[in-house]
Amino acid sequence: MVVIVGAGPAGLATSACLNRLSIPNIVLEREDCYASLWKKRSYDRLKLHLAKQFCHLPYMDFPPNAPTYVPKNGFIDYLDNYVSHFGITPRYLRSVESVIYDSDAEKWQIVVKNMTTTDNVIETEVYTSRFLVVASGENSQGTIPDIDGLDSYGGEYIHSNQYENGRKFRGKDVLVVGCGNSGMEIAYDLWNWGANTSIVVRNPVHVLTKEMVKMAMIMSQYLPCKAVDIITVAISRLKYGKLSKYGIRMPTKGPFHLKETTGRSPVIDVGTISKIKSGEIKVLPGMECIKDNEVVFTNGATVQFDAIVFATGYKSTVRNWLKL
Ligand SMILES: NC(=O)C1=CN([C@@H]2O[C@H](COP(=O)(O)OP(=O)(O)OC[C@H]3O[C@@H](n4cnc5c(N)ncnc54)[C@H](OP(=O)(O)O)[C@@H]3O)[C@@H](O)[C@H]2O)C=CC1
Ligand SMILES: O=C(O)C(=O)Cc1c[nH]c2ccccc12
């Protein structure tokens, strides 16, 4: 028996591979559906940033008529087909509370809160298995930084995983905090919906296009990472020029080296950079604190915002329950 924690793409892929080999497995999922980040906590305009040939799960390609960069709903449809084709049956509303390894029995002991019960009685289940697969992801829980004054901020603030689109922000002054892929795309979306948009960029970041990444991934099959980085950075520089004059500094290490060593992805520009260059989206440095509804930045500027979107990333929850 294999217990897989998490029914995101990685957990589903693991279950599919085991099912093909007739190896019994149980997928435990905290939410009431698989791929919950995709289904419930991602913005409307989300598309895969990598070309479809780099994103399919084992043993099933995307359909030939799927676009190169599959949109969110196309990806969810693909997962729906995947789950039914491989007969994957996750157990939903199962929150893994603790996992210990019983070295005498040579088995994992998995304590789970079963939240499917309707009469408000939460049941505890214990699973034992020889093998455990942690597939609960890096993006399990959205994080909002502890900013002085945020408690008393009178505007609305959300994490990026609650952002769907900018409809209700039209005409509002909105600050996006964080310039990863979520923040950069949400800033662009807000601008498209007519919000007066600013974005906090506090550290250096690489900006590439999806075509540059596709080319780099093909080059990686033939060239070392260092060479791919030099070429990719040169092409990015040719396209975008010196972005530091707009408040976006470039890291000293290359984008694929950073991906490999830190897991951080470069930002894939979906149109945000041209809006930053034209001044339609404003770049601000780190936040110092919030005072009387105004955000104070590290350069001393104070600006009032109607709403703040914290695109400040996620943390894995595995250390809360996996007791090694
Ligand atoms: N289409 C796609 O394929 C997409 C993929 N993704 C991926 O999903 C994952 C999660 O992405 P995302 O949600 O963007 O999270 P990330 O962790 O990638 O980015 C978080 C950003 O927030 C910044 N940040 C954190 N705390 C603060 C703070 N206190 N003040 C200012 N800035 C702060 C970080 O900058 P700093 O370096 O300063 O800490 C970083 O730029 C990534 O792997 C991303 O690439 C996301 C969106 C779309
Ligand atoms: O999921 C992400 O982090 C992406 O934005 C896509 C991505 C995955 N691996 C990469 C390597 C280089 C550039 C983008 C990505």
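**Domains and ligands**

Reply: Domain 1 (2-137) and domain 2 (142-314) both contribute residues to the shell around ligand 1, so ligand 1 lies between them. This is a predicted model, in which local features need pLDDT of at least 70 and side-chain atom pairs count only at pLDDT 80 or more, while totals for chains, interfaces and linings use all residues. Residues are numbered from 1 along each chain as its sequence is written, chains are lettered from A and ligands numbered from 1 in the order in which they are written, and side-chain values use heavy atoms, with hydrogens and water left out.

Me: How many residues of domain 1 and domain 2 are in contact?

Reply: Domain bounds come from an automatic or database domain assignment, and contact means heavy atoms within 4.5 Å. Here, 14 residues of domain 1 are in contact with 21 residues of domain 2. The C-alpha centres of the two domains are 29 Å apart.

Me: Which residues come nearest to ligand 1?

Reply: A residue is near a molecule or strand if one of its heavy atoms lies within 4 Å of it. Around ligand 1 there are 21 residues, of which K47, N181, S182, R202 and N203 come nearest. By class, this shell has eight nonpolar, ten polar and three charged residues; Ala, Val, Leu, Ile, Met, Phe, Trp, Tyr, Cys and Pro count as nonpolar, Asp, Glu, Lys and Arg as charged, and the others, Gly among them, as polar.

Me: What polar atoms face the oxygen atoms of ligand 1?

Reply: A polar contact is a pair of N or O atoms within 3.5 Å; within protein, one must be able to donate a hydrogen and the other to accept it, and residues adjacent in sequence count only if both atoms are side-chain atoms. For ligand 1, an N or O atom in the side chain of N203 is 2.6 Å from an oxygen atom, and a polar side-chain atom of N181 is 2.9 Å from one. A polar backbone atom of C179 lies 3.3 Å from an oxygen atom of ligand 1. On its own, ligand 1 has 910 Å² of accessible area, and the protein covers 78% of it; such areas come from the Shrake-Rupley method with a 1.4 Å probe, and for residues only the protein chains shown count as cover.

Me: Which residues surround ligand 2?

Reply: The surrounding residues are H49, L50, N181, V213, F256, K259, S265, P266 and I268. Polar side-chain atoms lie 2.4 Å from an oxygen atom of ligand 2 in S265, 3.0 Å in N181 and 3.3 Å in H49. The protein buries 71% of the 360 Å² that ligand 2 exposes when taken alone.
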